[in-house]
Amino acid sequence: MKQDAVTEIRQEPGTVILAGAGCGGRELLTLQVLDLIRRADVIVYDDLISQDILDIDTDAEWIYAGKRKGLHSMTQEEINGLLISLAQTHELVLRLKGGDPFVFGRGREEMRAVREAGICCQSAPGITSAIAVPERFDIPVTDRIHASSFTVITASRKSQGKPFGADAGWVAHQPGTLVVLMGLSRLPEIVEELIRAGKDPRTPTAVISSADISHSEMVMGELSEITGKAAALQAPAVIVIGDVVREATVDPGQPAPAVFTVWTTFTGDLTRRVQHLLPPSIRLVPVLQAATTRVESLEPEDLEADWLVFTSRRGVQCFLDDLRQQKLDIRRIPRLAVVGQATAEALEEAGLYPDLIPDTADTPDLVRSLKQEAKPGSHLVLFRAREADSVMEQELSKQYAVIRRDLYEIQYEAQDTRRLPKPDLMAFASRSAVRAWTQDIPCPVLCISDITASQVRQDHPTASVLLADAISAAGLAATIRELSPVADAASGVSPDGKN
């Protein structure tokens with residue numbers, strides 16, 4: 001698709017472009033997609049979009065629609081509906097997906113749904129990890145000596161409960177190189193299934209862990225032994241099976257660079273913001289993945305309250321989504337109170353500026369500040385997470401008329417820590433995450449606030465507890481850097497996140 005063709009196909013009720021963001025941040029972003037990001041009115045993006053792409057200067061509104069490990073911010077049907085809805089009110093809607101949108105990215109499904117709704121939909125290709133990630137280690141997927149073809153396949157299919165369903169024999173006997181995507185969690189099954197179907201157990205195999213190609217990590221070995229060697233790698237990963245692996249120039253026996261490993265229990269958004277402030281030598285490993293689902297919605301009469309009170313960035317995002325979807329008049333917004341600066345920034349990005357930000361970013365200080373600012377009998381609407389306790393509204397209800405809206409709920413899924421690298425530190429950013437963690441804590445614990453720390457001390461009385469420098473992503477990152485003996489000053493990332 002020619003770059004200027006995007007302008008030519010614009011028409012009412014709007015245009016949707018399915019674009020690939022590549023697999024290496026801005027370095028592997030095509031000029032066409034970079035231009036689309038800068039020109040789009042709204043961008044619906046996936047889980048693996050790197051932070052440096054999210055930081056590109058654009059006036060577009062960013063909407064997260066990531067899906068990983070069964071924890072979905074939206075179902076596929078909801079994403080399809082969102083694209084259709086946005087195209088009815090925006091001129092250019094950009095659907096930004098990792099890699100290439102048509103390589104196991106469900107791009108064709110989204111294109112079909114959008115076009116069936118009578119909306120123009122086109123695609124802008126991206127660089128797929130199936131080729132780019134092996135190339136990072138000088139592994140060619142084709143080679144005149146070793147392989148004249150290559151097969152790309154996903155191991156995430158559900159057929160018959162097996163990685164390759166009924167096609168294991170066909171996959172095992174494909175000539176050339178076999179590249180398996182989305183298969184790390186099922187690597188033992190993949191190896192067993194391929195060998196049982198006739199694949200030579202001595203076949204050279206590489207597993208490359210790479211959410212971002214510039215920070216990828218590889219292990220190599222024979223097919224029969226690769227499961228053990230790859231046990232510490234993190235998803236997403238690319239599995240390469242075939243003689244081309246012999247061409248890799250990285251010595252798998254060389255000492256691995258020093259890494260400070262932090263087990264995290266953050267939401268995906270917070271993980272990205274913290275990781276962006278850290279050097280590559282500090283690795284965040286999610287062990288309690290959090291997914292957000294919507295529960296209640298903003299009611300139009302809520303805008304008649306005296307104060308709207310927000311206790312999280314996610315609550316602000318849900319509120320803003322409801323404002324847009326219900327086409328409510330932003331001029332009717334009452335006074336705004338937020339729990340801290342990070343929540344305030346989420347409002348300010350939409351042109352709304354809080355009237356009250358307490359000195360300390362925690363709910364007890366927010367309650368104290370509201371009691372000083374709000375007149376007795378005032379009508380307050382609290383926007384919370386469903387799992388948040390009721391202490392705040394109980395205390396405020398003594399002086400005010402309080403309505404609580406549980407706009408969202410965070411659901412947690414624990415990872416199998418037996419296959420993860422041992423942690424040097426574990427980090428919590430909420431009481432609910434602490435409550436959801438039912439395993440032992442094997443290392444010192446970093447908490448974002450006193451409230452989170454108190455929950456850790458209650459549930460894990462023998463844990464060594466540390467507090468972040470500030471109740472924010474920057475505070476977490478700064479403390480992690482202070483605690484890490486391998487923080488890479490040469491990485492170009494300063495403690496405040498500036499290059």
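## Basis of the description

Strands (E, at least two residues) and helices (H or I, at least four residues) are DSSP runs, numbered from the N terminus, and two strands pair if DSSP finds at least two bridges between them. The model is predicted, with local features requiring pLDDT of at least 70 and side-chain atom pairs counting only at pLDDT 80 or more, while totals for chains, interfaces and linings use all residues. Residues are numbered from 1 along each chain as its sequence is written, and side-chain values use heavy atoms, leaving out hydrogens and water.

## The five-stranded sheet

Five strands form an open sheet with parallel pairing, in the order β14-β13-β20-β21-β22. Its edges are β14 (282-286) and β22 (465-467), each of which pairs on one side only; neighbouring strands are turned by 30 degrees against each other on average, direction ignored.

Within this sheet, β13 (residues 260-264) and β20 (residues 425-428) run parallel and are joined by three bridges, and Trp 263 stands opposite Met 426 in β20.

## Helices on the sheet

Helix α10 (residues 268-275) packs on the sheet and touches β13 and β14, its direction making about 175 degrees with that of β14. Axes are lines fitted to C-alpha atoms, for helices over the stretch in contact (heavy atoms within 4.5 Å), and angles run from 0 to 180 degrees between N-to-C directions. Helix α16 (residues 450-459) lies across β20, β21 (445-447) and β22, running at about 175 degrees to β22.

## A loop residue

Val 103 lies in the loop between β6 (92-97) and α5 (107-116). Not counting residues up to four places away in sequence, Val 103 touches Thr 128 and Leu 181; the C-alpha atoms of Val 103 and Leu 181 are separated by 9.6 Å, although the two residues are 78 residues apart along the chain.
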